[in-house]
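Hi,

Here is the structure I said I'd pass along.

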Amino acid sequence: MHETLAPEFLEELRTRGRIYGYRYRPQGDLKAKPIDEYKGDCIEGKAFQVMIDNNLCFDIALYPYELVTYGETGQVCQNWMQYRLIKQYLEVLTREQTLVVEADIRWDCSSRSPKHRASSLRTR
């Protein structure tokens, strides 16, 4: 796998200035689907998936392929690998867990409110 990914990522780095991992981007427009069409163990995990896809929709995002939503600096994720990882975590998130995402926002399913906190991607 490294033999395949290394040249691709190097090319992205040279031509785009960073690695986006375009091979991991889902095909087409990422329009938000009805919440019941998302996988998940809690409604909050599904709702976050709706929000992420809505923000990356071609009609909403400024540069959807680069994950930029608005203001030219607001990125949903750093790259498409992180997008997929976050989506996988949200699919198995339970009401007793918290998913902490890098953007200094922590979603606590038990209190149903976002709380700001600097941290890295993890569940607890």
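Start with Pro26: leaving out residues up to four places away in sequence, it touches Trp80, Tyr83 and Arg84. Keep in mind that this is a predicted model. Pro26 sits in the loop that runs between helix 1 (2-16) and helix 2 (43-55). Its relative accessible area is 18%, and the cut-off for buried is under 20%, so Pro26 counts as buried. Pro26 and Tyr83 are 57 residues apart in sequence, yet their C-alpha atoms are 9.8 Å apart in space.

Setting aside neighbours within four places in sequence, Tyr83 is in contact with Pro26, Leu30, Ile52, Asp53, Leu56, Leu67 and Cys77. Tyr83 also belongs to the largest nonpolar core, which has 13 residues. The members touching the most other members there are Ile52, Leu56, Leu67, Trp80, Tyr83, Ile86 and Leu90. Helix 3 (residues 80-92) supplies the largest share of this core, with 4 residues. As general background, nonpolar side chains tend to be buried together in soluble globular proteins.

Now for the helix pair. Helix 2 and helix 3 pack at an angle of about 155 degrees, and their axes are 8 Å apart. Angles over 145 degrees count as roughly antiparallel, so that is what we call these two helices. Their crossing is left-handed. On the helix 2 side the contact is made by Gly45, Phe48, Gln49, Ile52 and Asp53, while helix 3 brings Tyr83, Ile86, Lys87, Leu90 and Glu91. Sorted by class, that contact has 5 nonpolar, 2 polar and 3 charged residues.

One more residue to look at is Leu67. Leu67 lies in the loop between helix 2 and strand 1 (68-70). With a relative accessibility of 0%, Leu67 counts as buried. Its phi is near 65 degrees, a positive value in a residue other than glycine. For context, most residues other than glycine have a negative phi.

Finally, the overall layout. The protein chain has 3 helices and 6 strands, and along the sequence the pattern reads α-α-β-β-α-β-β-β-β. Of the 124 residues in the chain, 34% are buried. Among contacts with a separation of 6 or more, 43% are between residues 24 or more positions apart.

Cheers

Terms used:
Residues numbered from 1 in each chain as written. Predicted model: local features only at pLDDT ≥ 70, side-chain atom pairs only at ≥ 80, totals over all residues. Heavy atoms only, no water. Buried < 20%, exposed > 50% of the residue type's maximum accessible area, 1.4 Å probe, protein only. Contact = heavy atoms within 4.5 Å. Core = buried A, V, L, I, M, F, W, Y, C linked by side-chain atoms within 4.5 Å. Axes fitted to C-alpha atoms, helices over the stretch in contact; angles between N-to-C directions. Parallel < 35°, antiparallel > 145°, perpendicular 65-115°, else oblique. Left-handed = near helix turned anticlockwise from the far one by under 90°. Nonpolar A, V, L, I, M, F, W, Y, C, P; charged D, E, K, R; others polar.
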